[in-house]
Amino acid sequence: MRMTDIQRCEVRPGRLVEWTLSPATVATAADLPEDTRPPAYIQESHIRTARSVRDDGLFVPTWVGTAFDIPGRADLDALEESLRGWTLRHETLRSGFRWSGEPGDEMRRFTLDADDVSLRRVEIGDFADPAELVDYLEDRFDATADALHWPNLIYTAVVRDDSTSVYMAFDHSNVDGHSVHRIPGEIHELYAAAVAGRPIEPVPVSSYVDFCEIERTEADRIDDGHDVVARWREFVGRCDGRLPTFPVDLGLDPDAGLPTQQFLREELTDPDTAAAFEAYCRPYGGSAVGVLAATALFVHEIGGEPVYRTVVPFHTRMKSRWTDSVGWYVGGAPIEIPMTEARDFPSALRTVRAELHANRHMARMPLARVLRLLGTDFRPTSPDMYSIVSYVDARGVPGSGRWAEQKAYGLIRVSYGDQVCAWVTRLHEGLWFASRFPDTDVAGKNMRLYVERLRDVMASTAAPPVS
């Protein structure tokens, strides 16, 4: 599934239909008692950041989503049944938060029973102009899938005689990339059964809400003397008291406020080159290590920093029970690559592998908990606390072999931000790159150069040796 923004996911004209949680469901939620299971630290950090940025006078949409096609003119009753069934499967989608206390500094969870969840369907109308439809969808998703409101999900379908495109958006607090990747296959399975009139046995799926409680309980057991906290303290100290940015010139004006972003999406390699790159990197830990090693070389080449420091995202689905669960199962681990030890690609691979091996376990401890223990004022002023370079091999996701024909995409909202977020995804069709970054000429030039350097390194691993 290629990651993209909604402008680049092949939106076509048709009749727009949308589903949101019904007024009856929202009314029931308003009277619910507190669910004692707390938010995950990553959820709380995300929502507090959204509130902080909003208080500074800027609305920054942070939703994520998916797009995919269903053949023919969809049976809307069957599709609605599928969407509701899928929503009920994942408890976090019917759970939200309220502010409590004075001046509203605590987040309290509430969770609906499955029987109290229903959808409201509205036929919006026909759109003949794709650009007009894109603008409408983006505005609607911004308003509905908002971190500071509940419910914060919306499902839509653009219906035509030959195909129906489904677009689903969620506030990031409930959904991560792995969750998004699994949605098309699950909805297709449910829809096929509904159209055929086949009953679908309820699939027991572990709840992200339960995971939040387990993870937070474990995180709250540590104190500021824990080894993981000490390691983060050293790392942040070497980053001048901040979390790391992408260490190349992004052309930012420190007095201009949070900049708008631009988006870059390109194919990096074909399947054969992707396979050769994987084979070359396998002795060092695989393509994820390779992407980070190539990045370290690039940022040193462009920015001249003697050490490449970054936070590497890792999933926290450490037990198989969480594999099928929708939620935000992501942590981060700090790595530091001294460029004196990474002079070329093979030595960079060895250095990155050693750093990941030493530090990956730190991703299990929520960073927001660590920062709280550090006692440093990390009042967020940007929706992204730090820059990331992420690698995901999505070929094992059920249904991934059909993503190309289904026009399946993962959707990223591009709005404001002063960080670089880059995603490299391994698909059956090869390797794909996507990134959002500050909308400046300098950043655009350097990010395009970064993609070219990644592509060059990958191509070099597929080239026959010079005789």
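Author: Let us start with a charge placed over an aromatic ring, which is counted if NZ of Lys or CZ of Arg is within 6 Å of the ring centre and within 35 degrees of the ring normal. The charged end of Arg-2 sits over the ring of Trp-432, at 4.9 Å from its centre, and the charged end of Arg-51 sits over the ring of Trp-99, at 3.8 Å from its centre. Before going further, note that this is a predicted model, in which local features need pLDDT of at least 70 and side-chain atom pairs count only at pLDDT 80 or more, while totals for chains, interfaces and linings use all residues. Residues are numbered from 1 along each chain as its sequence is written, and side-chain values use heavy atoms, with hydrogens and water left out.

Reader: How many aromatic pairs does a search of the whole structure find, and how is such a pair defined?

Author: Rings of Phe, Tyr and Trp (its six-membered ring) pair if their centres lie within 6.5 Å, and planes under 30 degrees apart count as stacked, over 60 as edge-to-face and the rest as tilted. By that rule the search of the whole structure finds 17 aromatic pairs. One of them is the tilted pair of Phe-298 and Tyr-450, with 5.0 Å from centre to centre and 35 degrees between the planes. Phe-298 lies in helix α9 (residues 287-303) and Tyr-450 in helix α12 (residues 441-462), so this pair ties together parts that are 152 residues apart in sequence. Helices (H or I, at least four residues) and strands (E, at least two) are DSSP runs, numbered from the N terminus. Elsewhere, Tyr-208, Phe-211, Trp-322 and Tyr-329 form one aromatic cluster.

Reader: Are Phe-298 and Tyr-450 buried or exposed?

Author: The term buried means under 20% relative accessible area, exposed means over 50%, and partly exposed lies in between (1.4 Å probe, protein chains only). Both Phe-298 and Tyr-450 are buried. Another case is Leu-431 in strand β15 (residues 430-438), which counts as buried at 1% relative accessibility. Contact means heavy atoms within 4.5 Å, and, leaving aside neighbours within four places in sequence, Leu-431 is in contact with residues including Leu-268, Phe-277, Tyr-391, Val-424 and Met-458.

Reader: At what angle do helix α2 and helix α11 pack?

Author: Axes are lines fitted to C-alpha atoms, for helices over the stretch in contact, and angles run from 0 to 180 degrees between N-to-C directions. Helix α2 (residues 41-55) and helix α11 (residues 367-374) pack at about 75 degrees, with their axes 7 Å apart. That makes α2 roughly perpendicular to α11, given that angles under 35 degrees count as roughly parallel, over 145 as roughly antiparallel, 65 to 115 as roughly perpendicular and the rest as oblique. Tyr-41, Glu-44 and Ser-45 of α2 make the contact with Ala-368, Arg-369 and Arg-372 of α11. By class there are two nonpolar, one polar and three charged residues in this contact, where Ala, Val, Leu, Ile, Met, Phe, Trp, Tyr, Cys and Pro count as nonpolar, Asp, Glu, Lys and Arg as charged, and the others, Gly among them, as polar.

Reader: Why is α11 described as largely enclosed by the rest of the structure?

Author: Six of the eight residues of α11 are buried, so the helix is largely enclosed by the rest of the structure. The buried residues of α11 pack against α2, α6 (208-219) and α7 (227-238).

Reader: Which residues make the contact of α8 with α12, and how do they divide by class?

Author: The axes of α8 and α12 come within 8 Å and cross at roughly 80 degrees. Thr-273, Ala-276, Phe-277 and Tyr-280 of α8 meet Val-457, Met-458, Ala-459, Thr-461 and Ala-462 of α12, and the contact has seven nonpolar, two polar and no charged residues.

Reader: What should I look for in the backbone itself?

Author: Most residues other than glycine have a negative phi, and most peptide bonds are trans. The peptide bond from Trp-150 to Pro-151 is cis, with omega near 0 degrees, and Pro-151 is in the loop between α4 (130-144) and β7 (153-159). Glu-10, although not a glycine, has a positive phi of about 60 degrees, and Glu-10 is partly exposed, with a relative accessible area of 33%.
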